[in-house]
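Dear colleague,

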Amino acid sequence: MLTDYRIRQRDHLLQIVRALTQQLDLESVLTRILKASTEMLGGRAGLIALRDQPNNHPNSVATFSIRAQHGVSPEFLRHFENILQNTSSTVLIDPATYIISELEQRLHMLARSGPFNLDGTIGLPLEAQGNLVGLLLVLRASASPSTYNERKILQAFADHAAVAVTNARLYEQVTQEKRQLDVLLEGSADGIMILDSGHLILRWNRALAKLSGVTPATALGNTHDEIIRWSNIPDRTLSDAEARGWPFANGSPLYVEGNLQQPTGDGRAVGITYAPIFDKNRRLANIIANVRDITKFREAEQLKSTFISVISHELRTPVSLIKGYAGTLLREDASWTKNTINESITVIEEEADRLANLIDNLLEASQLQAGGLQLNHSTIDIVTLTNKLTKKFKTQTEKHTFNVSFADNFPKPIADEERILQALSNLISNAIKYSPNGGPITVSGKYTNREIIISVKDSGIGVEAGDLNKIFDRFHRVADTETSHTQGAGLGLYLTRAIIEAHHGRIWVDSDPGLGSTFHIAIPIEE
Ligand code: ADP
């Protein structure tokens, strides 16, 4: 009889082990364990409740929910869930046995008081590596207390259940962490690659594919140096650093900066941070490389140095003229005619105006950077404005002639008069500056139902195709001798474009290099 009992127990355990290795889902394995324990202990029904919170924080309260049941009536299940709730909310994780005995006690009370007729309940904790993961309860009708042997049998099943739960949770944890890693990698705006210790590429995220122009399919399985090509060799590379002992000296990340060469031949300025990961024996296991596009940073650096050289040049010229003329006038050993004095003071005044203008432009450019332009709208008369402007400019040049030609009934747009005046003034003053041999300058106006278009045409040096878009950028001046002979900080067109765009308009240029340029601005008639 006993032998038969042992054989059945062994068969049950074997089946459970098989279920565990077949990777059946956790609920099926637990139900199988429950059935076996109930049968072996002559129970009527059984329950497995698992702790909801797998972490073992000292202050966390153990909450349980029923995850497998066998032969339990719905009515009893409801009562039991109540007991479980009340027990778990008041009892801390430790000590596990306390929960079990309290549960058992409550079950006895329930069995005695209600219609369930259950008395010989046996309960055991499911423990894995010293942590309580759940409870296994077998409910019996007999009033006899559980024997040592019965508890031992149940313990064998409980141990298997605990293994199943731990495996399932570890598997879930690993899967969840992998999902998190995938989202992190693929969602990252920076390029990320993961290398093994021999620099073989194991991961290559979407951002890196975009940045490098190399698809993951091409990159994966190749080595770092086969895929990462530099158009200029950086001061140090990953291989150089490794040859000098990285990362074992201090384990800190390595930063490499250079121009990454895309398969199309284009270059991309990038900064790569290589972070080593070691295994438990302090051997290099992986390298995680974060690849950041630093084009914007480089551009900002470039802009800063352009700013300094343009501004220092533009400031120095008027300041030295003012100082020179003032110094001459102040010489005590010479006497000046009224005419010379007037001419000198005129130059000083003009140069001071130029300085003031430059400072205004700089302030406006930095205001624009900080948050756009404020406009004061009113109905404005562009034709009258243009006539006033050309009259003013006529007095400043003898080489140029001015034509103003506007279509009849030219509409009066709603716009900021001061700003439109500033924009037109910039275009006309450029037309003068960049046609050093003089010639006609024509300001003309057309309109459609929606917008007015004003064009400023000169017959000057023109703009090469490659510069047509760049001339609207901050501090951009065309790199040719003609431009270098004229004064300017490269801010006029930048500010003009900002003014026109603040009016929801457009600005563009047509040009024949050597023959002249025509700058056009279009402004909506009603905003
Ligand atoms: P600045 O005149 O102070 O240099 P702008 O922003 O007004 O700055 O113009 C930027 C550049 O565009 C100039 O340096 C010049 O090279 C080019 N440019 C502007 N207007 C003209 C024009 N009418 N004809 C030819 N080149 C021009």
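**Findings**

Trp336 sits in the loop between helix H10 (295-330) and helix H11 (338-371); helices (H or I, at least four residues) and strands (E, at least two) are DSSP runs, numbered from the N terminus. Please note that this is a predicted model, in which local features need pLDDT of at least 70 and side-chain atom pairs count only at pLDDT 80 or more, while totals for chains, interfaces and linings use all residues. Residues are numbered from 1 along each chain as its sequence is written, and side-chain values use heavy atoms, with hydrogens and water left out.

With a relative accessible area of 31%, Trp336 is partly exposed (buried means under 20% relative accessible area, exposed over 50%, partly exposed in between; 1.4 Å probe, protein chains only).

The largest nonpolar core has 34 residues, of which Ile382, Ile420, Ile428, Ile454 and Ile471 touch the most other members. Such a core is a set of buried Ala, Val, Leu, Ile, Met, Phe, Trp, Tyr and Cys residues joined through side-chain atoms within 4.5 Å. Among the elements that give two or more residues to this core are helix H12 (382-394), helix H13 (417-433) and strand E14 (439-447). H13 provides the largest share, 7 residues. A second, separate core of 30 residues includes Leu13, Leu41, Val138 and Ala161.

H13 is largely enclosed by the rest of the structure, because 12 of its 17 residues are buried. Ile428 is one of these buried residues. Apart from neighbours within four places in sequence, Ile428 is in contact (heavy atoms within 4.5 Å) with Leu389, Thr390, Phe393, Phe402, Val443 and Val456.

There are 16 salt bridges in the structure, each defined as a side-chain nitrogen of Lys or Arg within 4 Å of a carboxyl oxygen of Asp or Glu. One of them joins Arg203 and Glu186 (3.9 Å, N to O). Arg203 belongs to strand E6 (residues 201-204) and Glu186 to helix H5 (residues 148-187), 17 residues apart. Glu186 also forms a salt bridge with Arg206, with the closest N and O atoms 3.6 Å apart. Lys178, Asp182, Glu186, Arg203 and Arg206 are linked in a network of salt bridges.

A further salt bridge pairs Asp190 with Arg292, the closest N and O atoms being 2.6 Å apart. Asp190 lies in the loop between H5 and strand E5 (191-196) and Arg292 in strand E10 (residues 284-293), so this pair ties together parts that are 102 residues apart in sequence. Asp190 is buried, at 14% relative accessible area, whereas Arg292 is partly exposed, at 48%.
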